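Dear colleague,

I am handing over the structure below, together with a short account of what was found in it. Please keep it open beside this message as you read.

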Amino acid sequence: MKNIDSYTHLRGESVYLDDIPVIRGTLYAAVFDSPIAHGELLSVDCSAAKDLPGVVRIITAADIPGENQIGGIIADEELLASTHVHFCGMPIALVLADTEEAARHAVKKIKADIRPLPVITDPREAQAKGELIIPPRTFILGDTTSAWAQCTHIIEGRADTNGQEHLYIETQGAYAVPQESGVIRIHSSTQGPTAVQRTAARVLNLSMHKIEVDTTRLGGGFGGKEDQATTWGVLCALGAHLTNRPVKYALHRMEDMRMTGKRHPYSSDFRIGLDKDLKILAYEATFYQNAGAAADLSPAVMERTLFHCTNAYFIPNVKATAYSCRTHLPPNTAFRGFGGPQGMFVIEAAIAKAAGQLGIPATAIQEKNLIRTGDEFPYGQIADSEAPACWQQADEQYHLSALQKEADAFNAANPLHKKGLAVMPICFGISFTKTLMNQARSLVHVYTDGSVGISTGAVEMGQGVNTKMLQVAAAVFSIRPDRIRINTTNTYRIANTSPTAASAAADLNGKATESACRQILERLKASAAADLGTEPSAITIADELVCINGVPSSLTWPQLVMNTYVKRISLSELAHYTPPGLHYNPATEKGHPFAYHVYGTAIVTVTVDCLRGIYDVDSVKVVHDFGRSMNELIDRGQCEGGIVQGIGWMTMEEIVYDKEGRLRSNALSTYKVPDIYSVPAEISIRPLQTDKDNLAIFRSKAVGEPPLMYGIGAYFALRNAVKAFNPGAVLPYDAPLTPEKVLMGLYQIH
Ligand code: MTE
Ligand code: HPA
Ligand code: MOS
């Protein structure tokens with residue numbers, strides 16, 4: 001089934017925040033944000049701004065009626081700076097004006113007197129100074145200390161990954177509209193409507209039931225709106241509360257890039273030990289996460305780095321420690337993969353470095369150490385592994401050794417172009433790592449004409465979750481898809497939602513929807529049985545017809561619905577779902593945090609132009625563990641999008657902050673994201689056919705984040721191509737591997 005949004009997307013009729021009709025009297029907001037990264041805020045001078053034409057009000061920290069606090073995990077982040085600024089782009093004042101232009105013009109007239117304080121941008125420096133967001137955490141399996149003695153080869157090194165700008169097409173924004181009795185409705189481009197609601201209530205000193213958050217869809221979130229949409233929702237709510245007028249703020253691209261956090265850069269040290277048969281016996285890693293100036297989601301992201309630090313491999317002795325380091329960058333946040341990719345890059349770097357020193361292909365080490373069913377992850381969960389199956393199928397279907405031979409032959413024949421190949425296995429745990437977040441509710445109404453309305457906590461952001469919810473209801477009821485409507489995500493209909501994140505939205509909300517539909521179906525069946533003079537167990541519904549023992553009767557779905565209504569039987573249900581079996585003990589760092597894992601293997605081939613350092617990703621050939629995909633089109637789209645986003649992170653997207661903590665890559669002219677020309681000429685995606693009982697909705701495994709990590713293969717393929725040209729090149733494991741770095745590597749002399 002096609003994505004149900006495709007029709008309105010194509011016609012330009014889909015509603016995003018900026019498409020909501022604006023009510024007369026609406027004020028437009030703009031933020032005055034800190035021009036320096038760290039300092040004492042001595043005074044804010046709004047005198048030249050406040051009397052400008054169109055300016056209605058300027059709000060600072062002192063005007064906040066409740067708590068000046070937006071921290072989700074840790075209360076360490078002010079909405080508007082009061083005494084100190086902690087990053088360039090930190091909001092200081094909110095201007096409300098009759099037009100957007102007037103608001104932005106007034107912002108330029110505001111002056112802040114800030115006494116500069118020392119700026120830290122490097123996570124290792126922050127760690128050395130004790131600037132940590134939370135105490136470090138360590139995951140341990142076996143005993144690395146005694147394992148080193150058994151290792152034939154021990155290799156050490158360092159690996160760095162840079163951040164990544166989310167670059168959702170729709171920038172951050174919100175529109176807050178006062179209702180009667182002090183209620184405020186916030187239209188928010190957020191992945192987490194409840195976070196916006198909870199935080200607005202806290203800042204405005206209102207009960208949560210006075211804040212309604214409504215989200216139709218996002219023009220992309222990618223994690224950037226899991227926590228960081230809250231700022232804008234709450235600022236608009238604050239403006240609306242203080243002026244009793246609607247307040248809208250849709251950020252301009254450069255405001256968004258400057259003021260919001262990104263994927264966490266990491267700097268890491270590794271040590272890997274192998275026996276003579278290339279079995280990895282021991283692995284130690286230390287991760288320095290660049291959290292930015294406040295916690296935001298960094299502790300959870302850091303935790304996922306540890307969960308995924310051994311990627312798809314089984315290593316019997318592991319010790320991994322992570323530090324969440326406070327710097328003076330905008331607080332970094334969720335980004336597709338949520339710390340997992342950063343952890344996986346380091347183990348892949350360790351394997352690549354070991355292979356390089358042993359003079360063997362990395363694949364020899366990778367394949368040998370894939371995790372198998374029954375093996376234990378460092379956090380105690382036992383694997384039900386598809387890693388070897390994915391690898392084998394990729395090898396068989398794409399002929400790995402033939403591909404390598406082809407590349408070698410090409411390299412022998414071409415002095416100025418070199419091909420590189422790398423294999424990237426992945427393993428990604430599905431569930432929020434915070435166990436309590438794994439819950440969802442779905443409200444299903446069947447209307448008397450047989451049409452169906454569904455509300456869940458899931459937010460549609462392009463990933464197709466609404467289509468999947470609709471498919472669930474259509475399958476359970478066995479009715480036409482066009483009878484079903486997925487409503488906006490709204491905190492008045494569904495309360496206490498987890499954000500749409502962790503790739504888990506379809507599972508959690510889908511299972512809740514399935515449960516609600518089944519409960520209604522049972523009532524409908526009982527009603528039909530009474531009308532048709534049979535047992536409920538004999539009743540099924542197939543293609544909108546009631547069947548008795550599989551034989552269609554003349555009773556249609558709409559008639560059945562109406563008959564049931566007439567009997568005063570409820571046609572609505574609110575169902576709750578939480579996956580069984582999840583537990584985790586942070587004291588021991590052991591448990592069963594994930595409902596299941598998603599596996600896959602990608603073979604990535606690149607060609608480097610050795611005169612210019614530019615390159616193409618020729619092909620990404622994947623075998624991906626979809627379980628039993630409930631929507632192949634959508635799932636393929638998620639794979640393709642994730643792969644290209646991952647390649648972007650690994651090869652071209654280069655975030656640059658200067659030493660003063662100012663974002664230099666602050667526009668699309670200075671920050672390069674993949675365009676259509678950077679998309680690999682071939683992306684093949686073959687499913688690993690499995691049909692195992694699992695906790696995925698309709699056995700269709702979560703697909704939102706895992707494919708991004710195939711992109712890591714592009715980094716290692718590029719390295720291999722550079723080495724084919726310049727075998728002596730010693731390249732640091734430092735992503736992204738931009739054309740500039742490739743060029744340096746090609747001509748590096750040692
Ligand atoms: N796909 C699109 N088109 N747009 C997005 O913003 N976000 C990704 C992924 N795929 C995203 C996307 C991220 S970060 C997550 S966690 C999942 O979708 C969330 O949706 P799901 O739980 O329904 O998979
Ligand atoms: N993944 C994504 N988002 C999250 C998670 C997670 O594990 N935990 C909290 N927010
Ligand atoms: Mo996705 S990073 O969990 O929003």
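How far apart are the end C-alpha atoms of helix α18 (residues 712-725), and what should its 14 residues span at 1.5 Å a residue? Bearing in mind that this is a predicted model, the end C-alpha atoms of α18 are 21 Å apart, which agrees with the 20 Å that its 14 residues should span at 1.5 Å a residue. Ten of the 14 residues of α18 are buried, that is, under 20% relative accessible area, so the helix is largely enclosed by the rest of the structure. The buried residues include I712, G713, A714 and Y715, and also R719 and V722.

The surroundings of ligand 1 come next. In its shell are 19 residues, of which G221, F222, M461, A505 and Q638 are the closest, and the shell divides into eight nonpolar, nine polar and two charged residues. Oxygen of ligand 1 lies 2.9 Å from a polar backbone atom of F222, 3.2 Å from a polar backbone atom of A504, and 2.8 Å from a backbone N or O atom of A505. Of the 520 Å² of accessible area that ligand 1 has on its own, the protein covers 92%.

Lastly, there is a pair of strands. Strand β17 (residues 440-446) runs antiparallel to β24 and is joined to it by six bridges, and S442 has A575 as its bridge partner in β24.

With best wishes

Conventions: Residues are numbered from 1 along each chain as its sequence is written. Chains are lettered from A and ligands numbered from 1 in the order in which they are written. This is a predicted model: local features need pLDDT of at least 70, side-chain atom pairs count only at pLDDT 80 or more; totals for chains, interfaces and linings use all residues. Side-chain values use heavy atoms; hydrogens and water are left out. Helices (H or I, at least four residues) and strands (E, at least two) are DSSP runs, numbered from the N terminus. The expected span of a helix is 1.5 Å times one less than its number of residues. Buried means under 20% relative accessible area, exposed over 50%, partly exposed in between (1.4 Å probe, protein chains only). A residue is near a molecule or strand if one of its heavy atoms lies within 4 Å of it. A polar contact is a pair of N or O atoms within 3.5 Å; within protein, one must be able to donate a hydrogen and the other to accept it, and residues adjacent in sequence count only if both atoms are side-chain atoms. Accessible areas come from the Shrake-Rupley method with a 1.4 Å probe; for residues, only the protein chains shown count as cover. Ala, Val, Leu, Ile, Met, Phe, Trp, Tyr, Cys and Pro count as nonpolar, Asp, Glu, Lys and Arg as charged, and the others, Gly among them, as polar. Two strands pair if DSSP finds at least two bridges between them.
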